[in-house]
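Student: Can we go through this model together? I'd like to start with the helix packing.

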Amino acid sequence: MWRSLRPLGRSAASGGYRRYAWTDADADCRLWFRMQAEARRLDVETDRNGNQWAWLGDPTADDAVVTGSHLDSVPDGGAFDGPLGVVSSFAALDELRARGVSFKRPLAIVNFGDEEGARFGLACVGSRLTAGRLTKEQAYELRDADGISLPQAMEAAGYDPDAIGPDPERLARIGAFVELHVEQGRALDLSGDAIGIASSIWPHGRWRYDFAGEANHAGTTRLVDRRDPMLTYAETVLAARREAELAGAVATFGKIAVEPNGVNAIPSLVRGWLDARAADQDALDAVVAGVETAARDYADRHGIDLTVVRESFTPVVDFSHALRDELSRILGDAAASATGTTGPSGKVPVLGTGAGHDAGILSESIPTAMLFVRNPTGVSHSPAEFAAEDDCLAGVRALADVLEELACR
């Protein structure tokens with residue numbers, strides 16, 4: 001599976017992936033998902049929001065167990081973020097069939113659409129729409145860098161944009177969702193564990209900063225006469241780093257657009273996107289407020305007009321304690337059985353994360369949980385992202401153990 005998926009949407013120049021929503025690369029990934037599902041005699045459907053579901057058992061029955069993740073990527077992203085969860089889900093089903101278990105609840109593997117938000121700037125579009133966390137009207141306002149709207153992109157890819165919207169009936173039939181994901185940090189590497197369980201997702205959001213100045217000639221305009229928004233933007237980037245350090249949080253300006261974007265022209269507009277995340281809401285609020293205060297101070301001093309727009313926000317997600325504890329028990333018992341130890345179950349690390357996931361979006365609607373697979377470098381959203389084969393296989397076994405307990409007993 002890994003070999004067949006690896007070439008899809010890969011850039012020869014960077015070695016990273018450019019699997020953006022509703023593009024040819026996305027279509028190739030969707031076809032790959034369908035072929036894997038059909039090879040396992042699963043019933044495949046695409047819901048009204050473009051999410052793919054592969055069903056074992058009756059999809060209209062209640063109390064289904066669902067696993068999976070996403071196949072899209074950030075610009076020049078790594079091979080593991082998202083796809084590891086989908087590949088591991090199919091592999092876990094293979095493992096369960098090899099064990100000869102009988103399923104008592106429907107099981108589904110899902111590929112959520114547009115999780116990364118690389119094309120339209122909003123993460124988890126497919127799951128947000130399904131959970132009613134993004135309205136149809138809001139979705140219709142989303143546009144990519146070329147001005148193509150989300151409905152236009154969906155229609156060009158052969159999907160009906162008029163059908164998008166909340167899907168409460170589907171969610172009501174799901175009893176539990178478990179998402180496996182490569183860890184996007186080094187906590188497991190530092191603890192020496194191959195597998196961990198998520199406790200929560202930090203609150204996080206994206207803010208767009210528009211710095212408007214005055215275009216002029218780079219060679220003839222005196223420094224004192226300039227209204228250069230790039231200076232204010234640069235100072236704001238440094239302010240974000242300072243505020244994040246003070247709050248024990250993270251803040252990143254990772255995307256920028258410049259007009260007129262000429263080497264010999266002072267910019268008229270610099271637009272930068274702030275990604276901020278923190279362990280709790282108070283810390284996040286402090287970072288965001290501190291960055292904006294600093295930016296407005298710099299803007300006033302340089303004669304720059306500043307507009308700040310919050311484009312997305314996700315509050316802290318505490319995963320279902322009951323389901324999380326159940327995963328801890330299942331994996332602890334499996335570890336104790338494998339090592340022949342007696343007494344209390346072994347402990348599996350429980351850790352928080354600053355990365356957003358579809359499981360977090362769905363957590364308000366259904367019980368959700370996450371498993372993490374060790375990332376020895378901690379690198380993610382990069383071609384250098386990596387997880388060792390032994391750890392990936394440990395993730396498959398852990399997911400199979402969880403699914404067997406939830407769906408077969």
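Predicted model: local features only at pLDDT ≥ 70, side-chain atom pairs only at ≥ 80, totals over all residues.

Student: How are helices and strands picked?
Tutor: They are DSSP runs numbered from the N terminus: helices are H or I with at least four residues, strands are E with at least two.

Student: OK, α3. How many of its residues are buried?
Tutor: 12 of its 17 residues are buried, so α3 is mostly covered. Buried means under 20% relative accessible area, exposed over 50%, partly exposed in between (1.4 Å probe, protein chains only). Among the buried ones are P83, F90 and L96.

Student: What span should α3 have, and what does the model give?
Tutor: Helix α3 (residues 83-99) should span 24 Å, at 1.5 Å a residue for 17 residues; its end C-alpha atoms are 24 Å apart, which agrees. The expected span is 1.5 Å times one less than the number of residues.

Student: How does α3 cross α13?
Tutor: The axes of α3 and α13 (residues 389-408) come within 8 Å and cross at roughly 60°. Axes are lines fitted to C-alpha atoms, for helices over the stretch in contact, and angles run from 0 to 180 degrees between N-to-C directions. The two helices are therefore oblique to each other. Angles under 35 degrees count as roughly parallel, over 145 as roughly antiparallel, 65 to 115 as roughly perpendicular and the rest as oblique.

Student: Which residues meet there?
Tutor: Including L84, S88 and R99 in α3, and C392, R397 and E404 in α13. Contact means heavy atoms within 4.5 Å.

Student: Switch to α9 and α10. What angle and distance?
Tutor: Helix α9 (residues 229-247) and helix α10 (residues 281-302) pack at about 155°, with axes 9 Å apart. That makes α9 roughly antiparallel to α10.

Student: Now the backbone. Where is the cis peptide bond?
Tutor: It joins E259 and P260, with omega about 0°. P260 sits in the loop between β9 (250-259) and β10 (265-266).

Student: Buried or partly exposed?
Tutor: H381 counts as partly exposed, at 38% relative accessibility.

Note on methods: Residues numbered from 1 in each chain as written. Heavy atoms only, no water.
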